[in-house]
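Colleague: Could you take me through this model? I would like to begin with the record and then turn to the helix packing.

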Amino acid sequence: MNLGVSSCLIGTKCRYDGVGASDKFIVDILQKYFKTVPYCPETIIWGSPREAIRQVHDENGELKILTSTKNPKDVTKELDDISEQCSDEIKNDDLCGFILKSASPTCGLERVKIYKPFNAPSVKQGVGVFARKIKEKYPYLPVEEEGRLIDPWLRENFLMQIFAYQHLHEFLKSNPTFNDLVIFHTSYKYLIYSKSQKSYTTLGRIVANKEKNQLNEVLEEYKEEFLKAISQKGSVNKTYNVLLHIFGYFKKLITKEEKEEILQALGEYKEKIIPLIAVMKIINLYVKRFDVQYLKVQKFLNPYPSELALRSDIKAYK
């Protein structure tokens, strides 16, 4: 799986000051599971080290990219052109997601400093030039900043989205039949539920295809809605409700004491006393014990390699 990254995040010495900004999560963990594809529009133009740049609102309120020097140089067009070129390359690199460098005037996804004229204080309201183009051209590509991935909840959602995004595109390349689509859709029931039951209903309507549309039309509509659904963030309450649904498959097969144990674990997860992984281990034990085939194929229970252990933090959902 190819994961796009701002080059500095994997230690490449490409920043304006000639150093990198190696991110531990990307380098120590994600590079075990993904091939990282580096991007750095600024280095392509100016090399490294180079003059720092900043986003500036001029006297007319127009956004410019200027060098942060005593005699600033306007490099707006240069950066825009190279960012356009780099963003076009993404479709050829077959990416499943992208991690951008936070606060960068080129790569920052949000809260980038915009400087005002006449020595007015800066405001953190900008979006990087390259980041903006990525979001415009690939609205459903999973994209995050390395700074935001410190939050376990955002990290969990991002990785879940990446693997679902990749799985969908692999599925569409496999020349699927209508029956294949039903199987794929069924396997994502509870993962989509953990984000939006409304989205799952919409996807179900597309799969049902009461209008008798051609397969290629159905797949294109399904793709759009599926990517919208997985881009939504989960929550502890939605996840708790999904776990209750899953519990319902074997609650009549277990003892009163076992029911109490599971419900206590679910309650403790909801109260953020224990992590999601602890509940998942209990659920998976009962799924295997009773050989519940419908649940065995549910991506919600195993959305990515277990070695990533992203669900082991009690703050994995808010």
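Modeller: We can start with the record: an unreviewed UniProt entry lists a "coiled-coil region" at residues 205-232. UniProt positions are given in the numbering used here, feature names are shortened, and annotations may be inferred rather than shown by experiment. This is a predicted model, in which local features need pLDDT of at least 70, side-chain atom pairs count only at pLDDT 80 or more, and totals for chains, interfaces and linings use all residues. Residues are numbered from 1 along each chain as its sequence is written, and side-chain values use heavy atoms, with hydrogens and water left out.

Colleague: How much of residues 205-232 is helix?

Modeller: The span is 71% helix and 0% strand, and its end C-alpha atoms lie 19 Å apart. Helices (H or I, at least four residues) and strands (E, at least two) are DSSP runs, numbered from the N terminus.

Colleague: Which domain does UniProt place at residues 189-305?

Modeller: The unreviewed entry gives "domain: DUF1722" there. Residues 189-305 are 67% helix and 0% strand, with end C-alpha atoms 19 Å apart.

Colleague: On to packing. At what angle do α11 and α12 pack?

Modeller: Helix α11 (residues 256-270) and helix α12 (residues 276-289) pack at about 150°, and their axes are 9 Å apart. Axes are lines fitted to C-alpha atoms, for helices over the stretch in contact, and angles run from 0 to 180 degrees between N-to-C directions. The two helices are therefore roughly antiparallel to each other; angles under 35 degrees count as roughly parallel, over 145 as roughly antiparallel, 65 to 115 as roughly perpendicular and the rest as oblique.

Colleague: Which residues of α11 and α12 meet?

Modeller: From α11, Glu258, Glu261, Ile262, Ala265, Leu266 and Tyr269 meet Leu276, Val279, Ile282, Tyr286 and Arg289 of α12, where contact means heavy atoms within 4.5 Å. By class, this contact has eight nonpolar, no polar and three charged residues. Here Ala, Val, Leu, Ile, Met, Phe, Trp, Tyr, Cys and Pro count as nonpolar, Asp, Glu, Lys and Arg as charged, and the others, Gly among them, as polar.

Colleague: And how far apart are the axes of α10 and α11?

Modeller: They are 10 Å apart, and helix α10 (residues 236-247) packs on α11 at about 170°. That pair is therefore roughly antiparallel. Among the contact residues are Tyr240, Leu243 and Phe247 of α10 and Ile262, Leu266 and Tyr269 of α11. The contact of α10 with α11 divides into nine nonpolar, three polar and two charged residues.

Colleague: What about α5 and α9: at what angle do their axes cross?

Modeller: The axes of α5 (residues 152-173) and α9 (residues 215-230) cross at roughly 170° and come within 10 Å. This makes α5 roughly antiparallel to α9. Their contact includes Tyr165, Leu168 and Phe171 of α5 and Tyr222, Phe226 and Ile230 of α9. By class, α5 with α9 gives ten nonpolar, two polar and one charged.

Colleague: Changing topic, how many salt bridges are there?

Modeller: The count is 18, taking a side-chain nitrogen of Lys or Arg within 4 Å of a carboxyl oxygen of Asp or Glu. One of them joins lysine 64 and aspartate 74, at 3.9 Å from N to O. Lysine 64 lies in strand β4 (residues 63-67) and aspartate 74 in the loop between β4 and α3 (76-89), so the pair ties together parts ten residues apart in sequence.

Colleague: Lastly, the backbone. Is the peptide bond from serine 48 to proline 49 cis or trans?

Modeller: That bond is cis, with omega near 0°. Proline 49 is in the loop between α2 (41-46) and β3 (53-57). Arginine 111, although not a glycine, has a positive phi of about 55°, and its place is in the loop between β5 (95-100) and β6 (112-115).
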